[in-house]
Amino acid sequence: MYNEIRLEKGLYNLSGKSFTSALEELDPSSAYCGTPLEKLDAYERQLKRFNIRISGPECDRVEKFFSSTESAVLFPEFIARNIRKGFDETVMSSVCAVKTVCGCGQYLGCTLDDSAEYITSQEGSVLPSASVRESDTATVLAKYGRLISASYEAVRQQRLDVFGVMLRSIGVKLASSVTKKAVEILAGDTASITTASLTYADLAKLYGEFNCFDMNTIIVSPAVASNIIAMEQLSDTTADKDGKLMLPFGCELVKTSSADDNKIIGIDRNFALEFITSSDLVMETDKLIDRQLDQITVSITCGFRKLTPDAVKVLEITA
């Protein structure tokens, strides 16, 4: 049962497993089907065990995690979950087709040569071929991170929901720095169509550049986004239930400061980009458990690779 598990620092250091994965092995969620706890994962059951409330009107304060040596072990995962939530809710979720976990600092993927025409062959003739080969160049992963300075005395009385919002904002900014590389990879080596000044007809022209694939996302800077939503043709455009702004031809408008003011990147997000990471978020868990919060680093090592060149098109504004 979840209230009999012994929590210790070593659960963060098991090879190939996250803290929650380690807890799930000790306390499988499948055992709680049909019970009041079936909607909780192994970590959330531990919060319930120690009566730590991280939201709501009776939300606890940071110091509640340190009521015992075992409950203190849960604190690094609280920080990681909130930073990860901020990271995952950004533009990253709208542009990456697939996530790959790589065990080293370089990733050598494969490439698809599918340039031959798809034609109807006569009986007995050789079909046009497509080939998959190992890539000639490796994707080098880079580390992105932040140093967080906050003494335990400074945060111990903070409500956990307020502290969680601060942590999510760190995740958002961390993702923003990573997104710059994603935009660079998407725009690099991609032929552009040009326009002197942006009009709705230019957006439609960019949409028409896609042949086999569909332009379901455009990536633009805040300045370009404001110009687009001010267009007369978009006066009746509204956000969907998830708050995403959709253009009339079914394309999500993604705004990021990582994009250039003179480029609009159109992609089919289901095929365009591979997100490669060597690890989940990395933190100094021992310091967090021991309340040595003066300087805590959080980082992620990752990179990007364009998967399908035909699923990316660029419109360049020359004026």
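Within helix 2 (residues 42–49), the buried residues are Ala42, Tyr43, Arg45, Gln46 and Leu47. In this predicted model, the cover over these buried residues includes helix 1 (19–26) and helix 3 (75–88). At the start of helix 2, the backbone nitrogen of tyrosine 43 has a side-chain oxygen of aspartate 41 within 3.1 Å, while just after the helix asparagine 51 adopts a positive phi of about 55°.

Tyr43 is also among the residues touched by phenylalanine 78, whose other contacts, leaving aside residues up to four places away in sequence, are Ile54, Phe65, Leu160, Phe163, Gly164 and Leu167. The largest nonpolar core comprises 64 residues, of which Phe65, Phe75, Phe78, Ile79, Ile265 and Ile300 touch the most other members. Helix 6 (residues 160–187) makes the greatest contribution to this core, supplying ten residues. In soluble globular proteins, nonpolar side chains tend to be buried together.

Considered as a whole, the chain contains nine helices and 15 strands, and its C-alpha atoms fill a box of roughly 70 × 55 × 40 Å along the principal axes. Of its 319 residues, 41% are buried, and among the contacts with a separation of 6 or more, 76% join residues 24 or more positions apart. The accessible surface of the chain amounts to about 17300 Å², with carbon and sulfur atoms accounting for 49% of it.

Technical notes: Residues numbered from 1 in each chain as written. Predicted model: local features only at pLDDT ≥ 70, side-chain atom pairs only at ≥ 80, totals over all residues. Heavy atoms only, no water. Core = buried A, V, L, I, M, F, W, Y, C linked by side-chain atoms within 4.5 Å. Buried < 20%, exposed > 50% of the residue type's maximum accessible area, 1.4 Å probe, protein only. Helix = DSSP H or I, 4+ residues; strand = E, 2+ residues; numbered from the N terminus. Contact = heavy atoms within 4.5 Å. Polar contact = N/O pair within 3.5 Å; in protein donor to acceptor, adjacent residues only side chain to side chain. Areas by Shrake-Rupley, 256 points an atom, 1.4 Å probe, with all protein chains shown as cover.
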